[in-house]
Amino acid sequence: MTGNHGNSSITRRRALAVTGGTVAAGGLAVTGYQSAFADTTGTTEATATASATATDACMTLMSSVTEGPYYLDGALVRKDITEGKSGVPLTLRLTVVDATDGCTPVKGAAVEIWHCDAWGYYSGYTTANPGGSAPAESEDGSTANDATYLRGYQIANANGVVKFETIFPGWYTPRTCHIHVKVHTGGEKEDGTYEGGKVNYTGQLFFDDTVAEEIFALEPYSRHSGSYTTLDNDMVYDGGGASSGLLTLKAVHKADPSKGYKGSLSLAVDPDAENTGAGSGGGGTPPSGGPTGAPPSDAPSESASASAAASS
């Protein structure tokens with residue numbers, strides 16, 4: 001079965017009316033997958049590149065890219081960002097190191113990530129068309145808060161390490177599968193989010209095409225059909241491997257990709273630098289009428305996520 005990180009204690013705030021049905025959580029839908037990978041041009045050397053060691057990665061300053069059109073301020077500090085969204089489980093282990101000081105860990109760095117759900121929808125922008133043919137976001141049957149799901153911060157420990165529990169992202173036109181990431185320093189946790197300081201790095205995390213091929217054949221991903229963009233054809237990924245955000249991925253069970261993946265990467269940054277998020281690559285057209293500002297007052301908290309995880 002694909003992972004479904006449930007949180008029954010969270011009330012669903014929907015911009016759209018729920019029109020029916022929970023998403024099936026297992027099995028293959030090969031037709032949907034074949035359609036999603038139509039009109040692509042081969043694969044890349046991503047597997048070989050992703051096997052670069054953490055030492056190799058940390059010796060090269062990460063390539064900053066655009067923050068894209070779906071960023072929101074005020075993400076919550078929490079490990080589990082799923083809020084009940086269905087998908088293949090993904091555990092991310094990111095290590096922040098100082099590329100200007102022998103790759104020493106950056107203790108206390110705040111790592112922020114955000115990404116789309118299995119059908120290509122972002123929280124805060126649930127009516128933005130992901131391209132191709134996909135169910136409406138409101139049909140997923142989850143308890144997720146439409147303003148906050150699949151967004152969050154974690155604070156790096158003494159080894160510079162943060163961990164997130166999430167799901168494998170889907171895709172949207174014209175982008176390949178990816179996760180957005182920012183590294184902040186100099187601020188502090190306040191009112192459940194991270195305030196102050198500066199952004200040292202804005203980037204994106206990428207996935208090997210062959211792994212994405214496996215995942216997008218599964219429910220619920222296979223219900224989104226269309227022309228998927230591979231790494232070679234993406235407008236943001238520049239082919240630089242780990243220093244460009246290509247994750248090292250390990251299947252939880254090699255014979256069953258639906259059991260999930262573990263993804264890891266060293267984020268080599270300059271803690272003295274400041275990045276505006278206006279790096280290379282367009283990242284897609286910004287949707288009109290997108291929200292701004294902090295999450296609503298009834299947004300799910302870190303403690304609520306932890307309680308749900310403990311009871312599951």
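This report covers strand pairing, backbone exceptions and salt bridges in a predicted model.

## Basis

Local features are described only where pLDDT is at least 70, and side-chain atom pairs count only at pLDDT 80 or more, while totals for chains, interfaces and linings use all residues. Residues are numbered from 1 along each chain as its sequence is written, and side-chain values use heavy atoms, with hydrogens and water left out.

Two strands pair if DSSP finds at least two bridges between them.

## The four-stranded sheet

Four strands form an open sheet in the order β4-β3-β6-β7. The pairing is antiparallel. β4 (151-155) and β7 (193-206) are the edge strands, each pairing on one side only. From one strand to the next, the twist averages 25 degrees. Axes here are lines fitted to C-alpha atoms, for helices over the stretch in contact, and angles run from 0 to 180 degrees between N-to-C directions.

Within this sheet, β3 (residues 110-114) runs antiparallel to β6 (residues 178-190). Five bridges join the two. Ala 110 has His 184 in β6 as its bridge partner.

Strand β1 spans residues 89-98. Seven of its ten residues are buried, so β1 is largely enclosed by the rest of the structure. Buried means under 20% relative accessible area, exposed means over 50%, and partly exposed lies in between (1.4 Å probe, protein chains only).

Strands of a sheet pair through backbone hydrogen bonds, either parallel or antiparallel. β1 pairs with β9 (residues 261-269) in the parallel sense, over nine bridges. Here Arg 93 is the bridge partner of Ser 264 in β9. With β5 (residues 161-167), β1 pairs in the antiparallel sense over seven bridges. Thr 91 faces Glu 165 in β5. β2 (residues 104-105) is also an antiparallel partner of β1, over two bridges. Asp 98 stands opposite Thr 104 in that pairing.

## The β1-β2 turn

β1 and β2 form a hairpin with five residues between them. Gly 102 in the turn has a positive phi of about 65 degrees. Cys 103 lies in the loop between β1 and β2. Its phi is also positive, about 65 degrees, although Cys 103 is not a glycine. Cys 103 is buried, with a relative accessible area of 15%.

## Other backbone exceptions

Asp 191 is a non-glycine residue with a positive phi, about 55 degrees. It sits in the loop between β6 and β7. Asp 191 is exposed, at 72% relative accessibility.

Pro 174 lies in the loop between β5 and β6. Pro 220 falls in the loop between α4 (209-215) and β8 (248-251).

## Salt bridges

Side chains of opposite charge can pair when their charged atoms come close. The whole structure holds six salt bridges. The criterion is a side-chain nitrogen of Lys or Arg within 4 Å of a carboxyl oxygen of Asp or Glu.

Lys 85 takes part in a salt bridge with Asp 117 (2.8 Å, N to O). The two are 32 residues apart: Asp 117 is in the loop between β3 and β4, and Lys 85 is in the loop between α3 (54-58) and β1. Lys 85 also forms a salt bridge with Glu 137 (2.8 Å, N to O). Glu 137, in the loop between β3 and β4, is 52 residues from Lys 85. Asp 117 and Lys 85 are buried, and Glu 137 is buried too.

Another salt bridge joins Asp 234 to Arg 175, with the closest N and O atoms 2.8 Å apart. This pair links distant parts of the chain, 59 residues apart. Asp 234 lies in the loop between α4 and β8, and Arg 175 in the loop between β5 and β6. Both are buried. Through shared partners, salt bridges join Lys 85, Asp 117, Glu 137 and Asp 140 into one network.
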